[in-house]
Amino acid sequence: HVRQLYALVSETLRYAPVLEKLLDGAALLQAEKKLAPQLAKVLVYDLLFGKGLKCGGRWKALARRHRARLEAELARMKVRHKVSRNEDLLAPEKAVSAAVSQVPRYVRVNTLKTCVDDVIDFFKRQGYAYLGKAASVEELKALSGKKFLLDLHLPELLVFPSQTDLHDNLLYTSGHIILQDKASCIPAFLLGPVAGSHVIDACAAPGNKTSHLAAILKNKGQIFAFDVDPKRVATMNTLLTRAGVTGCQLAQQDFLTVDPRNPKYSRVTHILLDPSCSGSGMVTRGPGEEAAPSAERLQALAGFQRRVLNHALSFPALQRLVYSTCSLHQEENEDVVQAVLQEWGSAFRLVTAFPSWPCRGLPAFSGAESCLRASPAETLTSGFFVAVLERCKEGAAAPSSLPAAAKENPQPEQGMEPGAAPKKRKKKKQWMK
């Protein structure tokens, strides 16, 4: 009996996403308000997917009373997903699991507390084998065991096999390393403010990008970080403290309510904007989460994203902005950027971000290839979208593909963005402006 019960619970958990949708579609919990959701899932699984109801009494009678409605909803689900077998309804979950398994464990070295060489030496003393700098994405895919690489694109990112668990590692608990997906590291890297800059992280929680900005700034300058949720702000405060971040003002505030004309923000030249989105690119999404939001949901998200991007561009001293989402949908990405750029006319333009990056923006409009995308299949990261916007200056040359920090500290290593540091005279003139 124990083995049978264990098998029933395991199968119920495996079918949990399907069962939740069945319960919602058939409105079973609304009809039977005293029925606990977990018990309802077990009953429905046994009724429609298992070997028949094993229970008796009122629970069996209740399940049979709603059998026709549940079977009709199951049939509608199969039609919507264009499948004929019950097992085929599990395919999206399996696809997510496959995507998760091939994405490596990325580790960003927190340069506020340590340096890449010291972290590499630490892991080598723990028995890990360092294989040097990766030359291709294929090398990242081939990682196994206790081996790790330096990422081929980002200079402070180490790459471990996907199964590597570092949550109990001393470097993580002390804030010397940050466990952060590679795609999530790109926005701050491309924003690249020089030390001393004033920067806004508009939708900041949980704070990984904020701590990355602080590391780029070397804790010199000012970061204004906003989030409307008090619990997320508290979590962010803990994370930033552990990472050794200073010069960052946290505010529990909706960024849309921030006044761009407030003298407090008169020196803000860089904004990182990673607004709420569908999250469709996150390979770690839990089972049962909707992979494809409705058209109405996407329209609502895109409307919010256009408003917040417009608001960010209205800060008078703004020079460079990075817009990013963890969404795969064009409506939240290229369409938002195109609409806002049209509203601002010639005031802002797209920068060709990371020319060597393999995945570009969808051809939704002329110039969309300046944006970049990331995906588990092509870049071994979560799904992501990034666009870099710069303020146009009359008579200015074509915008650089490098963030300002990269100009100030050019990196000659292979895989970094090409470009030389500007001449001193030009740098001084730019600083005076």
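The sulfur of Cys277 lies 3.4 Å from the closest cysteine sulfur, that of Cys326, which is too far for a bond. A disulfide requires the two sulfur atoms to be within 2.5 Å, and this predicted model holds 0 disulfides.

**Cysteines**
- Cys277 counts as buried because its relative accessibility is 16%, under the 20% limit for that class.
- Cys248 has a relative accessibility of 22% and therefore counts as partly exposed.
- A disulfide is a covalent bond between the sulfur atoms of two cysteines; the structure contains 0 of them.

**Overall fold**
- The protein comprises 18 helices and 13 strands.
- Buried residues account for 48% of the 433 residues of the protein.
- Of the contacts between residues at least 6 apart in sequence, 69% join residues at least 24 apart.

**Packing of helix 14 with helix 15**
- Helix 14 spans residues 295-313 and helix 15 spans residues 334-344; the two pack at an angle of about 40°, and their axes are 10 Å apart.
- That angle makes helix 14 oblique to helix 15.
- The crossing of helix 14 past helix 15 is right-handed.
- On helix 14, the contact is made by Ala302, Gln305, Arg306, Leu309, Asn310 and Leu313; on helix 15, it is made by Val336, Ala339, Val340, Glu343 and Trp344.
- By class, the residues of this contact comprise 7 nonpolar, 2 polar and 2 charged.

How values were computed:
Residues are numbered from 1 along each chain as its sequence is written. This is a predicted model: local features need pLDDT of at least 70, side-chain atom pairs count only at pLDDT 80 or more; totals for chains, interfaces and linings use all residues. Side-chain values use heavy atoms; hydrogens and water are left out. Axes are lines fitted to C-alpha atoms, for helices over the stretch in contact, and angles run from 0 to 180 degrees between N-to-C directions. Helices (H or I, at least four residues) and strands (E, at least two) are DSSP runs, numbered from the N terminus. Angles under 35 degrees count as roughly parallel, over 145 as roughly antiparallel, 65 to 115 as roughly perpendicular and the rest as oblique. A crossing is left-handed if the near helix is turned anticlockwise from the far one by less than a right angle, and right-handed if clockwise. Contact means heavy atoms within 4.5 Å. Ala, Val, Leu, Ile, Met, Phe, Trp, Tyr, Cys and Pro count as nonpolar, Asp, Glu, Lys and Arg as charged, and the others, Gly among them, as polar. Buried means under 20% relative accessible area, exposed over 50%, partly exposed in between (1.4 Å probe, protein chains only).
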